[in-house]
Amino acid sequence: MIRVLIVDDEKPICDLIDINLSAAGYDCKSVQDGLAAIDLIEQEEFDLILLDIMLPGADGFDIMEYIRPLKVPVIFITAKGNVRDKIKGLKLGAEDYLVKPFDVLELMARVEVVLRRYHKTEQFLKAGDVTVDLEARKVSRGGKPVVLTNKEYGLLVLFIRNKNVALFKETLYEKVWKDEYIADSRTLELHVQRLRRKMGWEKNLVAVYKVGYRLEI
C-alpha cells in the first residue's frame with residue numbers, strides 16, 4: 001500500500017486530505033509540527049510527502065532540505081502562492097506545488113501523477129467485490145470478468161479512486177468525455193445506470209441532489 005505523510009499545521013486540512021486519500025486506498029499519517037515531521041520521517045518510510053511551508057518547529061523549506069537526500073517525492077501544499085516561493089520550493093526538489101485553497105480532485109490527480117513518475121502507483125483498485133487491474137484494464141466482480149465500455153471504465157476508476165466523495169456531473173463529464181458538460185444531456189446518467197447494473201451498485205452508486213454522484217462503500 002502506498003504510504004503518504006501529510007504535514008500541515010491546520011488539522012482540518014490534514015483530516016480532509018487524509019479522508020480522501022484513505023478512501024482512494026492510500027495509507028496516510030499526518031502531523032502538524034515541522035520537528036515532529038522530521039522525527040516521523042526518521043522512524044518510518046513514506047512513498048510521498050505532502051508538505052506545508054508555514055509550520056511550527058521547522059518550516060517546509062527546512063524540512064525539504066532534510067528530505068532531499070532520501071529521494072522521497074514531495075508536493076508542497078501551502079497558502080504561499082507567490083512566484084518566488086514556488087521557484088524556491090521547486091529548486092529545493094519538490095515535484096509539485098499546490099496553492100490553498102485547492103480542489104480535492106486536483107490534489108488527487110497531482111498525487112497520482114507524481115507517484116506514476118516514481119513508478120509507485122498501485123496496479124489494483126478495489127471497492128467491495130469489484131477489482132480493477134489498471135495495467136491490464138480488466139475489471140472483475142466477485143472474481144468474474146466484467147466487460148465495460150471505455151467511458152464506463154473511466155467512470156468506474158474515478159468513482160473508486162474517490163469513494164464516499166460526491167463528484168460533480170461537470171467533473172465526471174470533463175474527466176471521462178474530455179468535453180464540457182451539457183446540462184440537458186442524459187449521456188452521463190445513462191452510463192451511470194449501466195455501470196450500476198454491471199457492478200451491482202444499485203444501492204451504492206447514489207445520486208447527490210444538484211451535485212452529481214457518490215460511490216458509497
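Helix axes here are lines fitted to C-alpha atoms over the stretch in contact, and the angle between two axes runs from 0 to 180 degrees between N-to-C directions. The model is predicted. The protein chain has eight helices and twelve strands. Its radius of gyration is 19 Å, close to the 17 Å that the globule rule gives for 217 residues, so the chain is as compact as a globular protein of that length.

**The chain as a whole**

- Along its principal axes, the C-alpha trace of the protein chain spans about 50 × 35 × 25 Å.
- Of the 217 residues of the chain, 47% count as buried.
- Taking contacts between residues at least 6 apart in sequence, 56% join residues that are at least 24 apart.

**Helices H6 and H7**

- Helix H6 covers residues 150-161 and helix H7 covers residues 169-177.
- The axes of H6 and H7 come within 9 Å and cross at roughly 125°.
- Angles of 65 to 115 degrees count as roughly perpendicular and those over 145 as roughly antiparallel, and H6 and H7 are therefore oblique to each other.
- The crossing of H6 with H7 is right-handed.
- On the H6 side, the residues that meet H7 are Lys151, Gly154, Leu155, Leu158 and Phe159. On the H7 side, they are Leu172, Lys175, Val176 and Trp177.
- By class, this contact has six nonpolar, one polar and two charged residues.
- An α-helix has 3.6 residues a turn, so residues three or four places apart point the same way.

**Surroundings of H7**

- Thr171, Leu172, Tyr173, Val176 and Trp177 are the buried residues of H7.
- Lys178 follows H7 and has a positive phi, near 55°.

**Backbone geometry in the loops**

- Most residues other than glycine have a negative phi, and most peptide bonds are trans.
- Lys71 has a positive phi, near 60°. Lys71 sits in the loop between helix H3 (60-67) and strand E4 (74-78), and counts as exposed at 65% relative accessibility.
- Asn164 also has a positive phi, of about 65°, although it is not a glycine. Asn164 lies in the loop between H6 and E10 and is partly exposed, with a relative accessible area of 41%.
- Lys100 and Pro101 are joined by a cis peptide bond, with omega about -10°. Pro101 is placed in the loop between strand E5 (96-99) and H5.

**Leu51, a buried strand residue**

- Leu51 is found in strand E3, which covers residues 48-51.
- The relative accessible area of Leu51 is 0%. Buried means under 20%, so Leu51 is buried.
- Not counting residues up to four places away in sequence, Leu51 touches Val7, Gly60, Ile63, Met64, Ile67, Val74, Ile75, Phe76 and Ile77.
- One of these contacts is Val74; the C-alpha atoms of Leu51 and Val74 are separated by 6.8 Å, with the two residues 23 apart along the chain.

Technical notes. Residues numbered from 1 in each chain as written. Predicted model: local features only at pLDDT ≥ 70, side-chain atom pairs only at ≥ 80, totals over all residues. Heavy atoms only, no water. Helix = DSSP H or I, 4+ residues; strand = E, 2+ residues; numbered from the N terminus. Parallel < 35°, antiparallel > 145°, perpendicular 65-115°, else oblique. Left-handed = near helix turned anticlockwise from the far one by under 90°. Contact = heavy atoms within 4.5 Å. Nonpolar A, V, L, I, M, F, W, Y, C, P; charged D, E, K, R; others polar. Rg over C-alpha atoms; globule rule 2.2 N^0.38 Å. Buried < 20%, exposed > 50% of the residue type's maximum accessible area, 1.4 Å probe, protein only.
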